[in-house]
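Biologist: I would like to go through this structure and ask what stands behind each term. Please show it first.

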Amino acid sequence: MSEEITADILTTHILDLAANGKRMDGRSADQYRPVSVEIGFVTTADGSALARIGDTAVLSGIKLEPGKPFPDTPNAGVLTTNAELIPLSSPTFEPGPPQPWAIEVSRVVDRAIRAAEAIDLTKLCVTPGEKTWVCYVDVHVLDHSGNLIDAAMLAGISALHHAILPSKRFGIGEADTPLDVQHTPIECTFVRLGDAIVVDPSFEEERAAQGRLTVATDETGRVVAMQKGLVGAFSPDDIRATVERAFHHGDRLRAVARKGGTL
Amino acid sequence: MGSVGAKDVPVLLSPEGIRVDGRRLDELRPLRVVAGPLHRADGSAFVEWGANKVMAAVYGPREVHPRHLQQNNKAIVQCKYNMAAFSVDERKRPGLDRRSQEISKVIAEAFESVIFAEEYPRTSIDVYIEVLQANAGTRCAGLVAASVALADAGIPMADLVPAVAVGKVAGEIVLDLNKAEDNFGEADLPMALVPQSGRLVLLQMEGHMTREELSHALDMGVKGCQIVYDKMKAALRDRYSAARPAEVAA
(Lines give C-alpha, C1' and ligand atoms only; values in the text may rest on other atoms or scores of the structure.)
Protein backbone atom coordinates (compact mmCIF):
# COMPACT_ATOMS: atom_id res chain seq x y z
CA MET A 1 0.00 0.00 0.00
CA SER A 2 2.94 2.32 0.57
CA GLU A 3 3.92 1.92 -3.07
CA GLU A 4 2.15 4.18 -5.55
CA ILE A 5 1.52 2.35 -8.80
CA THR A 6 1.71 4.24 -12.09
CA ALA A 7 0.84 2.56 -15.37
CA ASP A 8 3.68 2.46 -17.90
CA ILE A 9 1.24 3.62 -20.56
CA LEU A 10 0.54 6.79 -18.56
CA THR A 11 4.24 7.52 -18.12
CA THR A 12 4.81 7.01 -21.85
CA HIS A 13 1.89 9.27 -22.65
CA ILE A 14 3.22 12.07 -20.41
CA LEU A 15 6.70 11.80 -21.96
CA ASP A 16 5.28 11.77 -25.51
CA LEU A 17 3.25 14.89 -24.78
CA ALA A 18 6.28 16.63 -23.23
CA ALA A 19 8.37 15.86 -26.32
CA ASN A 20 5.77 17.87 -28.28
CA GLY A 21 5.69 20.74 -25.78
CA LYS A 22 2.37 19.60 -24.31
CA ARG A 23 1.07 18.53 -20.90
CA MET A 24 -1.87 16.35 -19.84
CA ASP A 25 -3.84 19.24 -18.35
CA GLY A 26 -3.19 21.54 -21.31
CA ARG A 27 -0.63 23.77 -19.61
CA SER A 28 2.56 25.03 -21.22
CA ALA A 29 5.92 23.90 -19.82
CA ASP A 30 6.26 27.19 -17.97
CA GLN A 31 2.79 27.48 -16.48
CA TYR A 32 1.61 26.92 -12.89
CA ARG A 33 -1.80 25.48 -12.13
CA PRO A 34 -4.19 28.02 -10.52
CA VAL A 35 -2.66 29.20 -7.22
CA SER A 36 -4.56 30.59 -4.25
CA VAL A 37 -3.79 31.47 -0.64
CA GLU A 38 -6.41 31.93 2.06
CA ILE A 39 -4.95 33.73 5.07
CA GLY A 40 -6.21 33.14 8.62
CA PHE A 41 -7.96 29.82 7.94
CA VAL A 42 -7.32 28.57 11.49
CA THR A 43 -7.95 31.01 14.33
CA THR A 44 -6.40 28.78 17.02
CA ALA A 45 -3.01 29.29 15.33
CA ASP A 46 -0.93 32.46 15.80
CA GLY A 47 -0.83 32.67 12.02
CA SER A 48 -2.23 30.41 9.32
CA ALA A 49 -2.68 30.02 5.59
CA LEU A 50 -4.32 27.51 3.29
CA ALA A 51 -2.43 27.29 -0.01
CA ARG A 52 -3.77 25.59 -3.10
CA ILE A 53 -1.91 24.77 -6.31
CA GLY A 54 -4.38 23.07 -8.61
CA ASP A 55 -5.93 20.22 -6.61
CA THR A 56 -3.10 20.23 -4.07
CA ALA A 57 -4.08 21.76 -0.73
CA VAL A 58 -1.71 22.48 2.15
CA LEU A 59 -2.59 24.14 5.45
CA SER A 60 0.09 25.77 7.58
CA GLY A 61 -0.30 26.96 11.15
CA ILE A 62 2.22 28.94 13.19
CA LYS A 63 2.55 28.53 16.94
CA LEU A 64 4.77 30.84 18.98
CA GLU A 65 5.65 29.76 22.52
CA PRO A 66 8.32 30.73 25.03
CA GLY A 67 11.18 28.23 25.42
CA LYS A 68 14.90 27.88 26.01
CA PRO A 69 17.47 28.84 23.35
CA PHE A 70 19.98 26.23 22.19
CA PRO A 71 23.22 26.36 24.25
CA ASP A 72 25.32 27.16 21.15
CA THR A 73 23.05 30.06 20.07
CA PRO A 74 22.03 31.73 23.35
CA ASN A 75 20.97 34.96 21.61
CA ALA A 76 18.78 33.39 18.93
CA GLY A 77 15.22 32.18 18.84
CA VAL A 78 14.28 28.69 17.73
CA LEU A 79 12.58 27.88 14.43
CA THR A 80 11.09 24.44 13.77
CA THR A 81 9.40 23.34 10.57
CA ASN A 82 7.38 20.15 10.60
CA ALA A 83 5.39 18.67 7.73
CA GLU A 84 2.64 16.16 8.41
CA LEU A 85 1.82 14.10 5.35
CA ILE A 86 -1.32 12.75 6.93
CA PRO A 87 -3.00 9.65 5.48
CA LEU A 88 -6.09 11.73 4.68
CA SER A 89 -4.27 13.38 1.77
CA SER A 90 -3.26 10.36 -0.30
CA PRO A 91 -4.17 6.68 -0.61
CA THR A 92 -0.54 5.67 -0.03
CA PHE A 93 0.24 7.68 3.11
CA GLU A 94 0.19 5.64 6.28
CA PRO A 95 -0.17 6.69 9.89
CA GLY A 96 3.01 6.68 11.90
CA PRO A 97 6.39 8.39 11.89
CA PRO A 98 7.08 10.56 8.84
CA GLN A 99 8.62 8.83 5.83
CA PRO A 100 11.92 10.11 4.43
CA TRP A 101 10.32 12.10 1.64
CA ALA A 102 7.91 13.79 4.08
CA ILE A 103 10.97 14.79 6.06
CA GLU A 104 12.51 16.08 2.83
CA VAL A 105 9.53 18.40 2.25
CA SER A 106 9.80 19.96 5.69
CA ARG A 107 13.60 20.26 5.52
CA VAL A 108 13.60 21.93 2.11
CA VAL A 109 10.99 24.44 3.30
CA ASP A 110 12.86 24.96 6.58
CA ARG A 111 16.12 25.64 4.71
CA ALA A 112 14.57 28.33 2.54
CA ILE A 113 13.02 30.13 5.53
CA ARG A 114 16.28 29.90 7.49
CA ALA A 115 18.72 30.76 4.70
CA ALA A 116 16.67 33.70 3.44
CA GLU A 117 16.63 34.95 7.04
CA ALA A 118 12.92 35.43 6.60
CA ILE A 119 12.82 35.81 10.36
CA ASP A 120 15.61 37.53 12.27
CA LEU A 121 16.00 34.89 14.98
CA THR A 122 17.92 37.26 17.27
CA LYS A 123 14.75 39.34 17.55
CA LEU A 124 12.95 36.32 19.00
CA CYS A 125 15.34 36.22 21.97
CA VAL A 126 13.76 37.44 25.22
CA THR A 127 16.55 36.84 27.78
CA PRO A 128 19.88 35.62 26.31
CA GLY A 129 20.63 32.05 27.31
CA GLU A 130 17.40 31.78 29.27
CA LYS A 131 14.23 32.56 27.39
CA THR A 132 13.32 32.91 23.74
CA TRP A 133 10.38 32.50 21.42
CA VAL A 134 10.09 29.11 19.75
CA CYS A 135 8.45 29.41 16.34
CA TYR A 136 6.73 26.26 15.11
CA VAL A 137 5.81 26.12 11.43
CA ASP A 138 3.48 23.15 11.13
CA VAL A 139 2.51 22.13 7.62
CA HIS A 140 -0.52 19.87 7.18
CA VAL A 141 -0.97 18.36 3.71
CA LEU A 142 -4.70 17.93 3.04
CA ASP A 143 -4.78 16.95 -0.62
CA HIS A 144 -1.70 15.61 -2.42
CA SER A 145 -2.04 16.23 -6.15
CA GLY A 146 1.61 16.99 -6.83
CA ASN A 147 4.21 19.65 -6.02
CA LEU A 148 3.93 19.56 -2.25
CA ILE A 149 7.17 21.50 -1.72
CA ASP A 150 5.94 24.67 -3.45
CA ALA A 151 2.54 24.48 -1.77
CA ALA A 152 4.12 23.89 1.67
CA MET A 153 6.51 26.82 1.17
CA LEU A 154 3.69 29.08 0.04
CA ALA A 155 1.46 28.14 2.99
CA GLY A 156 4.33 28.37 5.49
CA ILE A 157 5.72 31.76 4.48
CA SER A 158 2.25 33.22 4.06
CA ALA A 159 1.28 32.06 7.56
CA LEU A 160 4.50 33.56 8.96
CA HIS A 161 3.77 36.87 7.24
CA HIS A 162 0.49 37.12 9.10
CA ALA A 163 1.58 35.67 12.45
CA ILE A 164 1.13 37.58 15.69
CA LEU A 165 3.52 37.19 18.65
CA PRO A 166 1.22 36.37 21.60
CA SER A 167 3.34 38.40 24.04
CA LYS A 168 0.45 39.32 26.30
CA ARG A 169 -0.79 35.76 26.72
CA PHE A 170 2.64 34.60 27.89
CA GLY A 171 3.35 37.71 30.00
CA ILE A 172 6.35 38.71 27.88
CA GLY A 173 5.07 42.10 26.73
CA GLU A 174 2.24 44.57 27.09
CA ALA A 175 0.62 43.90 23.74
CA ASP A 176 0.67 41.32 20.96
CA THR A 177 2.74 42.43 17.98
CA PRO A 178 3.05 41.14 14.42
CA LEU A 179 5.94 38.74 13.85
CA ASP A 180 8.71 40.57 12.01
CA VAL A 181 9.21 38.87 8.63
CA GLN A 182 11.95 40.55 6.63
CA HIS A 183 12.17 38.36 3.52
CA THR A 184 9.77 36.23 1.46
CA PRO A 185 11.44 33.08 0.13
CA ILE A 186 9.46 31.19 -2.52
CA GLU A 187 10.27 27.74 -3.88
CA CYS A 188 9.65 26.75 -7.48
CA THR A 189 9.83 23.11 -8.44
CA PHE A 190 10.54 21.69 -11.88
CA VAL A 191 10.69 18.13 -13.22
CA ARG A 192 12.45 16.66 -16.19
CA LEU A 193 10.23 14.85 -18.70
CA GLY A 194 12.59 13.67 -21.43
CA ASP A 195 14.29 16.79 -22.80
CA ALA A 196 11.61 19.06 -21.41
CA ILE A 197 11.79 20.67 -17.97
CA VAL A 198 8.34 21.69 -16.76
CA VAL A 199 7.33 23.81 -13.78
CA ASP A 200 4.81 22.84 -11.05
CA PRO A 201 4.53 19.09 -11.72
CA SER A 202 1.12 17.49 -11.29
CA PHE A 203 0.88 14.23 -9.36
CA GLU A 204 1.14 12.14 -12.54
CA GLU A 205 4.05 14.20 -13.86
CA GLU A 206 5.94 13.64 -10.61
CA ARG A 207 5.43 9.91 -11.05
CA ALA A 208 6.80 10.04 -14.60
CA ALA A 209 9.60 12.51 -13.78
CA GLN A 210 13.24 11.82 -14.54
CA GLY A 211 14.55 14.19 -11.90
CA ARG A 212 13.14 17.05 -9.85
CA LEU A 213 14.74 20.40 -9.11
CA THR A 214 13.54 22.92 -6.53
CA VAL A 215 14.92 26.46 -6.48
CA ALA A 216 14.12 28.90 -3.67
CA THR A 217 14.55 32.60 -4.38
CA ASP A 218 13.86 35.75 -2.39
CA GLU A 219 12.74 39.23 -3.40
CA THR A 220 16.31 40.61 -3.29
CA GLY A 221 17.46 38.41 -6.17
CA ARG A 222 19.21 35.76 -4.07
CA VAL A 223 18.95 32.02 -4.54
CA VAL A 224 18.52 30.81 -0.96
CA ALA A 225 17.99 27.04 -1.23
CA MET A 226 17.98 24.27 -3.81
CA GLN A 227 17.17 20.60 -3.82
CA LYS A 228 17.56 18.04 -6.55
CA GLY A 229 15.28 15.07 -5.94
CA LEU A 230 14.13 11.83 -7.56
CA VAL A 231 16.21 9.69 -9.92
CA GLY A 232 17.53 11.78 -12.83
CA ALA A 233 20.08 14.43 -13.70
CA PHE A 234 20.41 18.09 -14.74
CA SER A 235 23.26 19.80 -16.59
CA PRO A 236 24.71 23.10 -15.34
CA ASP A 237 22.96 24.80 -18.28
CA ASP A 238 19.65 23.18 -17.29
CA ILE A 239 20.15 24.51 -13.79
CA ARG A 240 21.02 28.03 -14.93
CA ALA A 241 17.90 28.19 -17.10
CA THR A 242 15.75 26.76 -14.31
CA VAL A 243 17.00 29.37 -11.84
CA GLU A 244 15.93 32.15 -14.21
CA ARG A 245 12.48 30.62 -14.49
CA ALA A 246 12.32 30.27 -10.69
CA PHE A 247 12.91 34.02 -10.27
CA HIS A 248 10.15 34.79 -12.76
CA HIS A 249 7.59 32.55 -11.03
CA GLY A 250 8.89 33.44 -7.58
CA ASP A 251 8.07 37.12 -8.03
CA ARG A 252 4.50 36.31 -9.05
CA LEU A 253 3.94 33.84 -6.21
CA ARG A 254 5.47 36.21 -3.66
CA ALA A 255 2.64 38.69 -4.12
CA VAL A 256 0.09 35.96 -3.33
CA ALA A 257 2.14 34.74 -0.35
CA ARG A 258 2.18 38.21 1.19
CA LYS A 259 -1.39 39.34 0.56
CA GLY A 260 -3.34 36.16 -0.13
CA GLY A 261 -5.70 35.84 -3.08
CA THR A 262 -5.45 33.98 -6.35
CA LEU A 263 -3.08 33.77 -9.30
CA MET B 1 -15.38 18.60 34.35
CA GLY B 2 -12.74 21.28 34.20
CA SER B 3 -14.21 23.53 36.86
CA VAL B 4 -12.21 22.02 39.74
CA GLY B 5 -9.43 24.42 40.67
CA ALA B 6 -10.26 26.82 37.86
CA LYS B 7 -9.48 30.46 38.54
CA ASP B 8 -12.48 32.24 37.11
CA VAL B 9 -15.67 30.49 36.27
CA PRO B 10 -17.47 32.70 33.77
CA VAL B 11 -21.21 33.29 33.91
CA LEU B 12 -22.44 30.66 31.47
CA LEU B 13 -26.16 31.31 31.55
CA SER B 14 -28.16 34.53 31.83
CA PRO B 15 -31.25 34.66 34.08
CA GLU B 16 -33.31 34.58 30.86
CA GLY B 17 -31.71 31.27 29.88
CA ILE B 18 -29.43 32.70 27.18
CA ARG B 19 -25.97 31.11 26.83
CA VAL B 20 -22.55 32.83 26.56
CA ASP B 21 -22.70 32.82 22.77
CA GLY B 22 -26.31 34.01 22.64
CA ARG B 23 -27.92 30.63 21.98
CA ARG B 24 -31.04 29.19 23.58
CA LEU B 25 -30.72 25.98 25.62
CA ASP B 26 -31.68 23.69 22.73
CA GLU B 27 -29.95 25.55 19.90
CA LEU B 28 -27.05 24.19 17.81
CA ARG B 29 -24.04 26.29 16.83
CA PRO B 30 -23.96 27.20 13.11
CA LEU B 31 -23.18 24.02 11.15
CA ARG B 32 -21.87 23.78 7.60
CA VAL B 33 -21.25 20.44 5.90
CA VAL B 34 -19.46 20.11 2.55
CA ALA B 35 -19.33 16.72 0.81
CA GLY B 36 -16.37 15.76 -1.40
CA PRO B 37 -13.89 18.65 -1.04
CA LEU B 38 -10.77 16.45 -1.45
CA HIS B 39 -9.47 15.02 -4.72
CA ARG B 40 -7.33 12.02 -3.77
CA ALA B 41 -9.63 10.38 -1.24
CA ASP B 42 -12.38 7.92 -2.24
CA GLY B 43 -14.75 10.04 -0.19
CA SER B 44 -14.35 13.21 1.87
CA ALA B 45 -16.20 15.86 3.82
CA PHE B 46 -15.49 19.13 5.57
CA VAL B 47 -17.44 20.24 8.62
CA GLU B 48 -17.43 23.71 10.11
CA TRP B 49 -19.37 23.63 13.36
CA GLY B 50 -19.22 26.73 15.52
CA ALA B 51 -15.48 27.40 15.72
CA ASN B 52 -14.57 23.78 14.87
CA LYS B 53 -13.07 22.93 11.48
CA VAL B 54 -12.75 19.25 10.70
CA MET B 55 -11.80 17.39 7.51
CA ALA B 56 -12.51 13.69 6.98
CA ALA B 57 -11.39 11.29 4.25
CA VAL B 58 -12.34 7.68 3.52
CA TYR B 59 -10.32 5.10 1.59
CA GLY B 60 -11.59 1.67 0.68
CA PRO B 61 -12.71 -0.99 0.71
CA ARG B 62 -9.03 -1.78 0.11
CA GLU B 63 -6.29 -4.20 1.08
CA VAL B 64 -5.88 -4.56 4.85
CA HIS B 65 -2.75 -3.09 6.32
CA PRO B 66 -1.30 -4.51 8.56
CA ARG B 67 -2.39 -7.78 7.03
CA HIS B 68 -2.91 -9.74 10.29
CA LEU B 69 -5.96 -7.57 11.06
CA GLN B 70 -7.74 -8.98 7.99
CA GLN B 71 -11.01 -10.81 8.64
CA ASN B 72 -12.29 -13.54 6.34
CA ASN B 73 -15.99 -12.83 6.75
CA LYS B 74 -16.15 -9.02 6.66
CA ALA B 75 -14.41 -5.71 6.11
CA ILE B 76 -12.76 -4.07 9.08
CA VAL B 77 -13.33 -0.39 9.81
CA GLN B 78 -10.24 1.49 10.91
CA CYS B 79 -10.41 5.07 12.14
CA LYS B 80 -7.68 7.59 12.92
CA TYR B 81 -8.73 10.78 14.68
CA ASN B 82 -5.89 13.30 14.75
CA MET B 83 -5.52 16.90 15.86
CA ALA B 84 -3.30 19.33 13.96
CA ALA B 85 -0.55 20.88 16.08
CA PHE B 86 -2.09 24.32 15.58
CA SER B 87 -5.71 23.29 16.18
CA VAL B 88 -5.65 24.16 19.88
CA ASP B 89 -4.44 27.12 21.97
CA GLU B 90 -1.38 25.33 23.35
CA ARG B 91 0.49 23.64 20.47
CA LYS B 92 -0.27 19.92 20.45
CA ARG B 93 2.74 17.71 19.82
CA PRO B 94 2.13 15.74 16.63
CA GLY B 95 1.49 12.04 17.04
CA LEU B 96 -0.83 9.62 18.76
CA ASP B 97 -1.98 10.22 22.30
CA ARG B 98 -4.36 8.22 24.48
CA ARG B 99 -7.29 10.57 23.97
CA SER B 100 -7.04 10.37 20.16
CA GLN B 101 -6.78 6.59 20.28
CA GLU B 102 -9.88 6.25 22.45
CA ILE B 103 -11.89 8.59 20.22
CA SER B 104 -10.71 6.71 17.12
CA LYS B 105 -11.87 3.44 18.65
CA VAL B 106 -15.38 4.54 19.64
CA ILE B 107 -15.91 6.24 16.27
CA ALA B 108 -14.77 3.14 14.34
CA GLU B 109 -17.17 1.02 16.40
CA ALA B 110 -20.01 3.45 15.74
CA PHE B 111 -19.50 3.08 12.00
CA GLU B 112 -19.10 -0.70 12.17
CA SER B 113 -22.63 -0.76 13.54
CA VAL B 114 -24.05 0.68 10.31
CA ILE B 115 -21.64 -0.35 7.51
CA PHE B 116 -22.56 -3.53 5.60
CA ALA B 117 -19.08 -4.87 6.25
CA GLU B 118 -19.95 -8.47 5.33
CA GLU B 119 -20.18 -7.38 1.69
CA TYR B 120 -16.42 -6.76 1.56
CA PRO B 121 -14.56 -9.60 3.28
CA ARG B 122 -10.75 -9.36 3.64
CA THR B 123 -10.76 -5.57 3.11
CA SER B 124 -10.34 -2.47 5.19
CA ILE B 125 -12.42 0.70 5.17
CA ASP B 126 -10.13 3.45 6.45
CA VAL B 127 -11.53 6.61 7.97
CA TYR B 128 -9.24 9.57 8.66
CA ILE B 129 -10.42 12.54 10.71
CA GLU B 130 -8.25 15.64 10.94
CA VAL B 131 -9.18 18.35 13.41
CA LEU B 132 -7.84 21.61 11.95
CA GLN B 133 -9.39 23.98 14.48
CA ALA B 134 -10.86 22.81 17.78
CA ASN B 135 -13.51 24.42 19.96
CA ALA B 136 -15.31 21.63 21.91
CA GLY B 137 -17.27 18.88 20.20
CA THR B 138 -14.56 17.73 17.79
CA ARG B 139 -15.43 14.04 18.13
CA CYS B 140 -19.02 14.76 17.09
CA ALA B 141 -17.91 17.08 14.28
CA GLY B 142 -15.37 14.45 13.18
CA LEU B 143 -17.96 11.69 13.25
CA VAL B 144 -20.40 13.76 11.19
CA ALA B 145 -17.67 14.58 8.65
CA ALA B 146 -16.56 10.95 8.48
CA SER B 147 -20.13 9.71 8.03
CA VAL B 148 -20.67 12.03 5.06
CA ALA B 149 -17.25 11.00 3.69
CA LEU B 150 -18.28 7.32 3.92
CA ALA B 151 -21.43 8.08 1.94
CA ASP B 152 -19.37 10.12 -0.55
CA ALA B 153 -17.09 7.09 -0.96
CA GLY B 154 -20.13 4.96 -1.80
CA ILE B 155 -19.78 2.61 1.19
CA PRO B 156 -23.09 0.76 1.70
CA MET B 157 -24.55 1.64 5.10
CA ALA B 158 -27.82 1.31 6.96
CA ASP B 159 -27.87 5.07 7.54
CA LEU B 160 -25.86 8.21 8.04
CA VAL B 161 -24.73 8.77 11.62
CA PRO B 162 -25.39 12.27 12.97
CA ALA B 163 -23.83 13.21 16.30
CA VAL B 164 -24.07 15.96 18.90
CA ALA B 165 -23.07 16.57 22.50
CA VAL B 166 -25.53 17.50 25.21
CA GLY B 167 -24.30 18.93 28.47
CA LYS B 168 -25.21 20.52 31.74
CA VAL B 169 -24.36 24.15 32.27
CA ALA B 170 -25.29 26.20 35.34
CA GLY B 171 -27.78 23.47 36.27
CA GLU B 172 -29.54 23.42 32.89
CA ILE B 173 -29.38 20.78 30.16
CA VAL B 174 -28.05 22.38 26.96
CA LEU B 175 -27.44 21.22 23.40
CA ASP B 176 -24.04 21.33 21.64
CA LEU B 177 -21.52 22.63 24.20
CA ASN B 178 -19.05 25.31 23.16
CA LYS B 179 -15.56 25.56 24.63
CA ALA B 180 -16.41 27.68 27.67
CA GLU B 181 -19.36 25.40 28.49
CA ASP B 182 -17.20 22.31 28.00
CA ASN B 183 -14.47 23.69 30.28
CA PHE B 184 -16.67 25.05 33.05
CA GLY B 185 -19.93 23.11 32.71
CA GLU B 186 -21.08 20.23 34.92
CA ALA B 187 -21.53 17.46 32.37
CA ASP B 188 -20.76 16.46 28.79
CA LEU B 189 -22.66 13.72 26.95
CA PRO B 190 -21.61 13.20 23.32
CA MET B 191 -23.81 10.83 21.33
CA ALA B 192 -24.31 9.55 17.79
CA LEU B 193 -27.65 8.35 16.46
CA VAL B 194 -28.80 6.00 13.73
CA PRO B 195 -31.96 7.89 12.75
CA GLN B 196 -33.59 4.91 10.93
CA SER B 197 -33.50 2.75 14.05
CA GLY B 198 -33.58 5.48 16.67
CA ARG B 199 -30.62 3.85 18.44
CA LEU B 200 -27.37 5.37 19.67
CA VAL B 201 -24.07 3.94 18.39
CA LEU B 202 -21.77 6.28 20.29
CA LEU B 203 -22.31 7.40 23.84
CA GLN B 204 -19.88 8.82 26.35
CA MET B 205 -20.53 10.79 29.49
CA GLU B 206 -18.49 12.75 31.94
CA GLY B 207 -19.73 14.87 34.83
CA HIS B 208 -22.85 14.52 36.92
CA MET B 209 -26.55 14.45 36.08
CA THR B 210 -29.62 13.16 37.87
CA ARG B 211 -31.68 10.41 36.21
CA GLU B 212 -34.29 13.00 35.23
CA GLU B 213 -31.65 15.27 33.72
CA LEU B 214 -30.09 12.37 31.82
CA SER B 215 -33.46 11.38 30.43
CA HIS B 216 -34.10 14.95 29.28
CA ALA B 217 -30.57 15.15 27.82
CA LEU B 218 -31.10 12.00 25.74
CA ASP B 219 -34.30 13.41 24.26
CA MET B 220 -32.59 16.71 23.51
CA GLY B 221 -29.64 14.94 21.87
CA VAL B 222 -31.85 12.83 19.62
CA LYS B 223 -33.68 15.97 18.47
CA GLY B 224 -30.35 17.72 17.85
CA CYS B 225 -29.11 14.74 15.83
CA GLN B 226 -32.16 15.01 13.57
CA ILE B 227 -31.18 18.59 12.66
CA VAL B 228 -27.59 17.50 12.01
CA TYR B 229 -28.93 14.58 9.93
CA ASP B 230 -30.82 16.98 7.65
CA LYS B 231 -27.65 19.04 7.08
CA MET B 232 -25.69 15.90 6.21
CA LYS B 233 -28.28 14.77 3.66
CA ALA B 234 -28.43 18.27 2.16
CA ALA B 235 -24.62 18.30 1.74
CA LEU B 236 -24.71 15.00 -0.16
CA ARG B 237 -27.61 16.19 -2.30
CA ASP B 238 -25.65 19.37 -3.13
CA ARG B 239 -22.62 17.33 -4.13
CA TYR B 240 -24.46 14.96 -6.44
CA SER B 241 -27.45 16.90 -7.75
CA ALA B 242 -25.18 19.06 -9.93
CA ALA B 243 -24.22 15.98 -11.95
CA ARG B 244 -27.75 14.71 -12.35
CA PRO B 245 -29.30 17.20 -14.82
CA ALA B 246 -26.38 16.72 -17.22
CA GLU B 247 -26.90 12.96 -17.23
CA VAL B 248 -30.62 13.30 -17.75
CA ALA B 249 -30.05 15.76 -20.59
CA ALA B 250 -27.69 13.34 -22.35
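Biologist: How many residues of chain A are in contact with chain B?

Modeller: 27 residues of chain A are in contact with 26 residues of chain B. Two residues are in contact if their C-beta atoms, placed from the backbone, lie within 7 Å. This is a predicted model, in which local features need pLDDT of at least 70 and side-chain atom pairs count only at pLDDT 80 or more, while totals for chains, interfaces and linings use all residues. Residues are numbered from 1 along each chain as its sequence is written, and chains are lettered from A and ligands numbered from 1 in the order in which they are written.

Biologist: Which strand supplies the largest share of the side of chain A that touches chain B?

Modeller: Strand 6 of chain A does, with five residues. Strands are DSSP runs of E, at least two residues long, and helices are runs of H or I, at least four, numbered from the N terminus. By class, that side of chain A has 11 nonpolar, 10 polar and six charged residues. Ala, Val, Leu, Ile, Met, Phe, Trp, Tyr, Cys and Pro count as nonpolar, Asp, Glu, Lys and Arg as charged, and the others, Gly among them, as polar.

Biologist: Why is helix 2 of chain A called oblique to helix 3 of chain A?

Modeller: Helix 2 (residues 100-115) and helix 3 (residues 148-161) of chain A pack at an angle of about 45°, with their axes 9 Å apart. That angle makes helix 2 of chain A oblique to helix 3 of chain A, because angles under 35 degrees count as roughly parallel, over 145 as roughly antiparallel, 65 to 115 as roughly perpendicular and the rest as oblique. Axes are lines fitted to C-alpha atoms, for helices over the stretch in contact, and angles run from 0 to 180 degrees between N-to-C directions.

Biologist: Which residues meet between these two helices of chain A?

Modeller: Among them are A:V105 and A:A112 in helix 2 of chain A, and A:L148 and A:G156 in helix 3 of chain A. The contact has 10 nonpolar, one polar and no charged residues.

Biologist: What makes strand 10 and strand 12 of chain A edge strands?

Modeller: The open sheet has the order 10-9-11-12 in chain A, with antiparallel pairing. Strand 10 (196-199) and strand 12 (223-229) of chain A each pair on one side only. Two strands pair if DSSP finds at least two bridges between them.

Biologist: How do you know that strand 11 and strand 12 of chain A pair?

Modeller: They have six bridges, in the antiparallel sense. In one of these strands, strand 12 of chain A, A:M226 is the bridge partner of A:V215.
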